[in-house]
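Try each task before you read its solution.

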Amino acid sequence: MASVFGSRLDLLVRLIDTTTGAAVDERNVLFMRDEREVRPESRGVGTYIFINTGREDFLMRIRVKGFDEFETLVRYEELDERIPVCNAFLIPSENASKGEKLLGLSGNLPFLESLEAVDLNRIACNANEYDPKTKILKVFGQTGGRVYLYDTYYGLLDESRESYEKIEVLGNETPQSVKLRNPLEKELASNSPIFRVVFGSVKENGDYVLRVRDNAKDIIYLLRYKVNGEVKFKKVDFREGAELS
């Protein structure tokens, strides 16, 4: 998909509901490139492409009905040269009219740089072996058979269950193994649980928002956030609420 009808693909954008990992099927979508509206071509549910628009870095804003506005700086040096992909993880709005109820955390923390979390009650799979030379991680599911990791970012829980290593999955190598973009930073513990990452949003002034689906009796997440360059973790019950510090 590096070219479309002889033209160059300059950016592929996927709209993803960060609370579920599902593609966003809402068609009421507005894209802004820096300060002007642009109209990428639709290529299926939640997928848009920019053709022959150039590969200069730019600030992209995306407004989708039922979701908070998404903003990111597109840096081409960080993207694949052949198929530049931007995954836009959208946060459902508090006043969204459809779907499950939402629970959220919000507030302000100076020097906050990023905020994400994993649902400790929803294991995607487990890891039991890692090859640092090939960056291949062997995994297994709760019921056996092929393991499908549809999303890009996951958290590899450590033995203490108090922190996790964020990993980027490029895709399956075999039915029970996946390729990682970067080497693991820590030694892998046998049968380490893997969870899908849910992203929050952080503004320059430290305002933050993180919402999750109210879809279980216990809504326990492990937060991972960076403050002034330092990565911190905090286990929270969304029914009780919490603040970052």
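**Exercise 1.** Find which ring the charged end of lysine 166 sits over.

Solution. This is a predicted model. Start at the charged end of lysine 166: the ring below is that of tyrosine 153. The distance to the ring centre is 4.9 Å. Now look at arginine 33, which lies over the face of phenylalanine 58. Here the distance from the ring centre is 3.9 Å.

**Exercise 2.** Classify the ring pair of phenylalanine 89 and tyrosine 153.

Solution. Step one: the structure holds seven aromatic pairs. Step two: in this pair the ring centres are 6.2 Å apart, and pairing requires centres within 6.5 Å. Step three: the planes stand at 65°, and over 60 degrees counts as edge-to-face, so the pair is edge-to-face. Phenylalanine 89 belongs to strand E9 (residues 85-90), and tyrosine 153 to strand E14 (residues 153-157), so the pair ties together parts 64 residues apart in sequence.

**Exercise 3.** Decide for phenylalanine 89 and tyrosine 153: buried or partly exposed?

Solution. Buried means under 20% relative accessible area. Phenylalanine 89 has 13%, so this residue is buried. Tyrosine 153 has 23% relative accessibility, so this residue counts as partly exposed.

**Exercise 4.** Name the cluster that ring pairs build with Phe31.

Solution. Follow the ring pairs: they link Phe31, Tyr48 and Phe50.

**Exercise 5.** How many disulfides does a search of the whole structure find?

Solution. Recall the bond: a disulfide joins the sulfur atoms of two cysteines covalently. The search finds zero. Next, check burial. Cysteine 86 is buried at 10% relative accessible area. Cysteine 125 is buried too, at 0%.

Note on methods
Residues numbered from 1 in each chain as written. Predicted model: local features only at pLDDT ≥ 70, side-chain atom pairs only at ≥ 80, totals over all residues. Heavy atoms only, no water. Phe/Tyr/Trp six-rings, centres within 6.5 Å; stacked < 30°, edge-to-face > 60°. Helix = DSSP H or I, 4+ residues; strand = E, 2+ residues; numbered from the N terminus. Buried < 20%, exposed > 50% of the residue type's maximum accessible area, 1.4 Å probe, protein only. Lys NZ or Arg CZ within 6 Å of the ring centre and 35° of its normal. Disulfide = S-S within 2.5 Å.
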